[in-house]
Amino acid sequence: MTELAATDDIHAELAALRVSEARYRSVFETMGQGYCELELVRDAAGRAVDQFYLKFNPAFEQLFGMPISAAEGRRASELFPNLEPWWTEAFARIVDTGRPERLEHVFAALERTFELHVHPLGGDRLVELFDDVTERAAAETALRQREADLARVQRIGQVGGLDIDVTDGLSSRRSPEYLRIHGLPDAQPVESHQDWLARVHPEDRNRAEHALLASLGGGASIYENEYRIIRPSDGEVRWIHARADIERDASGKPVRLVGAHPDVTEQKRLQASIRESEVRLAATFESAPIGIAVIDNTGKAVLANEGYRRYLPEGLLSSHDGGQAPRWRAWDAGGNPLAPQDFPGARGLRGETVVPGQDMLFIDHDGREVWTRVSVVPTRDSEGGLNGLISVIHDIDAEKRGGEALRASEEKFRALVTAGTYSVYRMSADWRLMYQLDSQTLAETSEPIKDWVEKYIPSEDLPAVSAAIDRAIRTKSLFELEHRVRLADGSTGWVLSRAVPLLGPDGEITEWFGAGSDITQRHHDAEALRESEERLRQFGEASQDVLWIRDAEKLQWQYLTPAFEAIYGLGREEALSGDNYRSWLELIVPEDRAHADAAIDRVRAGEHLTFEYRVRRPRDGKIRWLRNTDFPIADAEGRVTRIGGIGKDITDAKLAHDLTERSEERLRSAVQVGRLGLWDWNVLTGEVHWSDEHFRMEGYRVGEVRPSYEAWSARIHPDDRPRAEEALRRAMAAHEEYVQEFRVVHPDGSVHWLYGRGRFFYDHDGAPVRMIGAMVDTTDRREWEERQTVLVAELQHRTRNLMGVVRSMADKTARASDDLADFRARFRDRLDALSRVQGLLSRLNDLDRVTFDELIHTELSAMDGGSERVTLSGPAGVRLRSSTVQMLAMALHELSTNAVKYGALGAAGGRLAVTWTYEREGEGGKPWLHIDWRERGVAMPTADAPPAGSGEGRELIERALPYQLRARTAYQFMPDGVHCTISIPVSESSGAEATHA
């Protein structure tokens, strides 16, 4: 029976092993990583020259496009003739050092980049796990390129980058362009706050530091400052405009500044020059002998000089001021009076240019008539809309009365004002000669410039300039053109040139007056904007994420990248049609729709937000998970006018997360069902994690103690502790698996056997950093093994006794039999009785309980105990525990056998009395059975006589019963026979059925 149970255990272990192997095979065949086992091939000198592929998993076919059958069992040189020596050298190094390595290298044959984790297996064998990381490597290369581009842009734009760590005493890290601008050596990218402050101009030092500290302490999110520095490299004074974002922690405390440091020295110089020019212009404007005003589209002057206010003190055009209109009179070419709606101001507000002007007679407060010439030029906004005019009133009274020279001078000045002034020039009537009047943009000269076209106009712009000149000469109209020019320093810039013709008395052009405005920066800004938009477009076209921009008011898309169609399953044209915000919401599953709509409202309110939602693709009905990162886009006044976002498809990541959670749940279930105690030990920090079952195995309540090496060691049995700890230290030092079985003592004093297995993990230097392991409780197995040892010994002894009983029965039966037939009948009866006792013992696993009276009658019946020499007395129906019957039957068998061979049942005149009592509430409050075996009338051997029998029966009673059944026993040799008492706990169901026999 024991052999059958052992066989069943072996089959169960084999079945579990097959299940484990099947799981391993499933993981091996389905994992996305490539798996390869290989062995180095060496030449006669022992150098590694090739590798021999032993085994692959299916992922190999997907990553290399080659069937496993074509690769296994072959050399690398056969499969990849041009394989770089790097691979063999790397594998040889790992074999030689015996340390695993992580590698990343380009596999030239496939033009792919692979990440490998290679582990030595012993000898020249290795195993490698590899992933295709081509896209990641390309992304990292692109990132490095973008960083290089950023550094280049900073260098070109003369913008230095700064990164200030507020928590570290305002220490800062500076970009290469910052170092160049500040005249610092390249080897000094990090500097202290005092280093920076020492470089600030003494006159600006206190103000600059105060502005920085005020921004940090005042809760601002932007730091902006402008100050001068003295460069250590050359002593030059430079102007710096610092602007940075202030990053704060949750409590609002500043932790970091990140921003830019452009050199604005040239801008400062230009601004100073412009201010000087504006001062001169303002002085000229106010002191000019003509009236000049800027009029809005309501006819009211927004800017007027004293000369203009002389004629219109209220600042309203005469055509719009009923009180002033009668004081102005004018006539057309036919001599007819003009109505106020035909005055120059009214015409200008209708978009007409009145140049060289309308002669008008003005009556001043003294009643004096003054001839004036009123000129107007309409002004327009950037979109071409009429927004007002510029009005010039010339006092031509002297001219009318005879001064032609004064008229010509005033005409030139009128042209100057009309064209505006930045760099002012005069051209001959045919544009062949240039007379420069100002040197702010073009090279300075005092003589007419004959070769001005070749000198200042690049060849690529010459056709456009020539065509504009020809058109202006032909139509006698304003010359206006944006074009490039060569500047005095040799560089190329952009100007907006305007020039007006000056007509002689015959109506022909006598010369041109003009001005050129420097619009280089505006062009550069526009070009940079176009390049930025183009980069955005290219990035959007290539991105696998959806990039979009919406109008913040109506939430309609203004920009949407092609990735939308791949993720949402809807074409861009269809997505952009109609109320596309409502259409987008309808693509979102109903459960997530309100959440997404509310998130957009929060972004419109100025929040940066990341949220997740699901959409249902209209083409195939599939659900896709998206993570949106949305942000507000504000205008110059800080109002959110647009919102942008990046939508990333995270469906695969969500599925992987769900699979991981289910896998972890299966693992938790397996651990709970298998009653495994797990541990995870961080060797460096001493931190340990135990599973709940681990706590219970150690005799702790879950969470009762903080898991630690000391808590584990404290529970180990004192006799096992040195051996268990030494095995742990040995496994750690030898890089071996930890395998150990030991005892632990629970607080209640109970002893439990635990079997633990664990594995250490090491860093690149071979130092242990982590250990993971599991334990199982082997107490039951240990007890069964000990019990089995006893049972096997007893079985051997019982067999010998059984044979002795059979011989004794045969002898006794033979002596009592008349002939062979009588012997056969008597002997068969006794064998049957003995068989019944064995059958009774075979009921150990039955649901029915064996009663003591049944057991004693069966045993004594087999021993011829039914004779008049045997007395049995005790209650019937005392049910024995299933775990008790076998051992107790063995004890009774030993007593009966000895009684037949040496005692009361074998000696003439011998007597045997067996009595038993049932105690309902014995030790521990449990029912107990008390048995008294007393033999009398036996001639006992003397004290110095050799013992009869082996003594194994007595050992069973005095040792095995207490150990196995928690019995109390006594075995004594009385003068006239053996006296044995046995007390054992019995089934609690005995009380209702036990009756006196």
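**Ground rules.** I am working with a predicted model, where local features need pLDDT of at least 70, side-chain atom pairs count only at pLDDT 80 or more, and totals for chains, interfaces and linings use all residues. Residues are numbered from 1 along each chain as its sequence is written, and side-chain values use heavy atoms, with hydrogens and water left out.

**Entry: the negative patch.** I looked up which residues form a negative surface patch and found Asp777, Asp780, Glu783 and Glu786. Patch members have over 30% relative accessible area and no salt bridge, and like charges are joined within 9 Å. Helix H26 (residues 779–816) gives the largest share, 3 residues. Asp777 sits in strand S32 (residues 768–777). I noted Asp777 as partly exposed because its relative accessibility is 38% (buried is under 20%, exposed over 50%, partly exposed in between, with a 1.4 Å probe and protein chains only).

**Entry: the aromatic rings.** I found 34 aromatic pairs in the structure (ring centres within 6.5 Å; planes under 30 degrees apart are stacked, over 60 edge-to-face, the rest tilted). I picked Phe114 and Phe130: their ring centres are 6.2 Å apart and their planes are at 80°, so I logged the pair as edge-to-face. Phe114 belongs to strand S4 (residues 112–122) and Phe130 to strand S5 (residues 125–132), so the pair ties together parts 16 residues apart in sequence. Are these two buried or exposed? Phe114 counts as buried at 2% relative accessibility, and Phe130 counts as buried at 4%. Both also belong to one aromatic cluster, whose members include Tyr53, Trp86 and Trp87.

Note on methods. Patch = residues over 30% accessible without salt bridge, like charges linked within 9 Å, V, L, I, M, F, W, Y side chains within 5 Å. Areas by Shrake-Rupley, 256 points an atom, 1.4 Å probe, with all protein chains shown as cover. Salt bridge = Lys/Arg side-chain N within 4 Å of Asp/Glu carboxyl O. Lys, Arg positive; Asp, Glu negative; His and termini not counted. Charge placed at Lys NZ, Arg CZ, Asp CG, Glu CD. Helix = DSSP H or I, 4+ residues; strand = E, 2+ residues; numbered from the N terminus. Phe/Tyr/Trp six-rings, centres within 6.5 Å; stacked < 30°, edge-to-face > 60°.
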